[in-house]
Number of protein chains: 2
Amino acid sequence: MSDATPTPPRSADSTPPASDRVRLRRKPERGHHEREAIDAIIDDALVGIVSFVQDGQPFGVPTNVWREGDRLYWHGSAGSRMLREASGRRVCVTVYHLDGLVLARSATNHSVNYRSVMVLGTARLLTGVAEIEHALEGLIESIVPGRWAQLRPMTEKERNETGVMYVDLGEASAKVRGEASHDDPGDETWPVWAGLIPMSLVRGEPEPDDFVKPGTPSPGLRLK
Amino acid sequence: MSDATPTPPRSADSTPPASDRVRLRRKPERGHHEREAIDAIIDDALVGIVSFVQDGQPFGVPTNVWREGDRLYWHGSAGSRMLREASGRRVCVTVYHLDGLVLARSATNHSVNYRSVMVLGTARLLTGVAEIEHALEGLIESIVPGRWAQLRPMTEKERNETGVMYVDLGEASAKVRGEASHDDPGDETWPVWAGLIPMSLVRGEPEPDDFVKPGTPSPGLRLK
């Protein structure tokens, strides 16, 4: 699982990083600073980790994330620690998909296939009622397209109890490995299974609650 | 997806938190400070997010994590930014499993089922050759039990190029939601599908490389 040994060169992305902080020092061939690649990885995610600092201690809090345009959003209770502490501060939002386990014949050449994004920026809290509601519509639609209009409308109390934050996508980078296993020259005949074990997040059988009329189709997720 | 409205009470964990930093302020009934619950969630994970601070900027870096006893380990190239920057500093390691999407009849009652752990502590770098190799054996065994002994042995160069860090599990908390959907009284008849959509990370068909003899069984993962 180490990044310690060289891997075959891959096609690199010629877009310059938005800042030195998001420049990849290790294995730059795995990095992408193109918005298209970054957006695709974010849009495939339901959850991200929001990292912020409080009294010198970093916290990495998992939460739903979604994107609209140049903003990556998350939300929480208006009274939550994460929203109180992160507002106006530097954050990092990390999104990660595990796509496979790469089993080689040496420990060092083990790896994982993944797609990840790190977004660095200053967390901003939405304040306007209309923009909060619009953002929450974006969250619901990012999971089940068309669902917002079908829901019991949001009450003023519910809106007031919900805080929405975002970070701008200007300083972001993606990192991707999506390859077969490889071994050092001479290791190929070592007698152990080697290869790729694909991994993916999949949906199971929907479980309607007791009030759903039999025969009502379950909602189609945006994600496969 | 908001935590803003009350949910039915759940059985709480009577174990006191190890510190005020890991005490759950929101929905304490979802929290667990018992090591058994924490260990089980960590042991189900292949990847975690290590959050650390550099010049006031938090970074959340996804990486393989594994546990042995009271330590949560991760590794990287001995020259990587994460290992250089995190050593001796406060970190947060976050592990997260998405178990389901909870679709209610109001936006606010949407939620997700999940199991998560946050570990706060000071990152320590292993320095002894024997303990580094023992830890890396733990990594391989945490993925495929029995595999370490089958691999081409590690070289001194490979060991020297690999850094292993850990954080003690003394200050950790788990947070879990594993329930059906629920709606506010009166919303149950709103004409939209509501319920749970289970989600899970699953392995696909193993893809052996060109050097695996036909008929060689693929390795059994520790995870289902």
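Two residues are in contact if their C-beta atoms, placed from the backbone, lie within 7 Å. With that in hand, here's a quick tour of a predicted model, where local features need pLDDT of at least 70, side-chain atom pairs count only at pLDDT 80 or more, and totals for chains, interfaces and linings use all residues. Residues are numbered from 1 along each chain as its sequence is written, while chains are lettered from A and ligands numbered from 1 in the order in which they are written.

**Confidence**
- The model comes with ipTM 0.88 and pTM 0.88.

**Helix α1 of chain B**
- Helices (H or I, at least four residues) and strands (E, at least two) are DSSP runs, numbered from the N terminus.
- Helix α1(B) spans residues 35-43, and its buried residues are A37(B), I38(B), I41(B) and I42(B); buried means 20 or more other C-beta atoms within 10 Å of a residue's own, exposed means 12 or fewer, and partly exposed is in between, with C-beta atoms placed from the backbone.
- Looking down the axis of α1(B), those buried residues fall within an arc of 130°, so they line one face of the helix; the arc is that of the directions from the helix axis to the C-beta atoms.
- Among the elements covering them are β1, β3, β4, β5, β6 and β9 of chain B.

**N113(B)**
- N113(B) sits in strand β6 of chain B, residues 111-122.
- N113(B) counts as buried because it has 20 C-beta neighbours inside 10 Å.
- Leaving out residues up to four places away in sequence, N113(B) touches D99(B), G100(B), V102(B), R177(B), G178(B) and E179(B).
- A180(B) is 67 residues from N113(B) in sequence, but their C-alpha atoms are 8.6 Å apart in space.

**Where the chains meet**
- The contact brings together 85 residues of chain B and 84 residues of chain A.
- On the chain B side, β10(B) gives the largest share, 9 residues.
- That side splits into 45 nonpolar, 25 polar and 15 charged residues; Ala, Val, Leu, Ile, Met, Phe, Trp, Tyr, Cys and Pro count as nonpolar, Asp, Glu, Lys and Arg as charged, and the others, Gly among them, as polar.
- Strand β10 of chain A and β11(B) pair in the antiparallel sense over 2 bridges, where pairing takes at least two bridges found by DSSP.
- G195(A) has P208(B) in β11(B) as its bridge partner.
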